[in-house]
Amino acid sequence: MTNTILIADDDPGVRTLLRNLLEPEGYAIIEAQSGEQALALANELHIDAFILDFEMPPMNGIVVCRALRAMAQYQSAPIM
């Protein structure tokens with residue numbers, strides 16, 4: 001089973017860099033360009049771990065992290 005990581009960052013270069021590092025290690029990568037998009041994807045899909053940008057506008061990584069922790073399925077998911 002492949003672990004799925006959602007990368008949420010408003011910088012496409014950062015998302016590409018992380019994808020290029022993680023996919024060869026066997027991870028399935030889903031990208032979000034905003035906190036709102038990350039939460040929508042988290043509601044639709046099964047995500048195993050999250051990498052969040054701390055300074056995304058308008059919903060930063062801290063706000064997204066709190067929203068994810070409020071969801072039963074992500075209360076113990078790894079969030080970086």
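## Basis

The model is predicted, so local features need pLDDT of at least 70, side-chain atom pairs count only at pLDDT 80 or more, and totals for chains, interfaces and linings use all residues. Residues are numbered from 1 along each chain as its sequence is written, and side-chain values use heavy atoms, without hydrogens and water.

Helices (H or I, at least four residues) and strands (E, at least two) are DSSP runs, numbered from the N terminus.

## The sheet

Three strands form an open sheet in the order β2-β1-β3, with parallel pairing. Two strands count as paired if DSSP finds at least two bridges between them. β2 (28–32) and β3 (49–52) are the edge strands, each with a single partner, so one side of each has no neighbour in the sheet. On average, neighbouring strands are turned by 20° against each other, direction ignored.

Strand β1 (residues 4–8) is joined to β3 by four bridges and to β2 by five bridges. Ile7 stands opposite Ile51 in β3, and its bridge partner in β2 is Glu31. From β1 the chain passes through helix α1 (residues 12–22) to β2 in a right-handed β-α-β crossover; right-handed means that, with the strands pointing away from the viewer, the path from the first strand over the helix to the second runs clockwise.

## Helix packing

Helix α2 (residues 35–44) packs against helix α3 (residues 61–69) at an angle of about 20°, with the axes 10 Å apart. That makes α2 roughly parallel to α3 (angles under 35 degrees). Axes are lines fitted to C-alpha atoms, for helices over the stretch in contact, and angles run from 0 to 180 degrees between N-to-C directions.

Contact (heavy atoms within 4.5 Å) is made by Gly35, Ala38, Leu39 and Ala42 of α2 and by Val64, Ala67 and Leu68 of α3. Six of these residues are nonpolar, one is polar and none is charged; Ala, Val and Leu are among those counted as nonpolar, whereas Gly counts as polar.

## A cis peptide bond

Most peptide bonds are trans. Pro57 and Pro58, however, are joined by a cis peptide bond, with omega about -15°. Pro58 lies in the loop between β3 and α3.

Conventions. Parallel < 35°, antiparallel > 145°, perpendicular 65-115°, else oblique.
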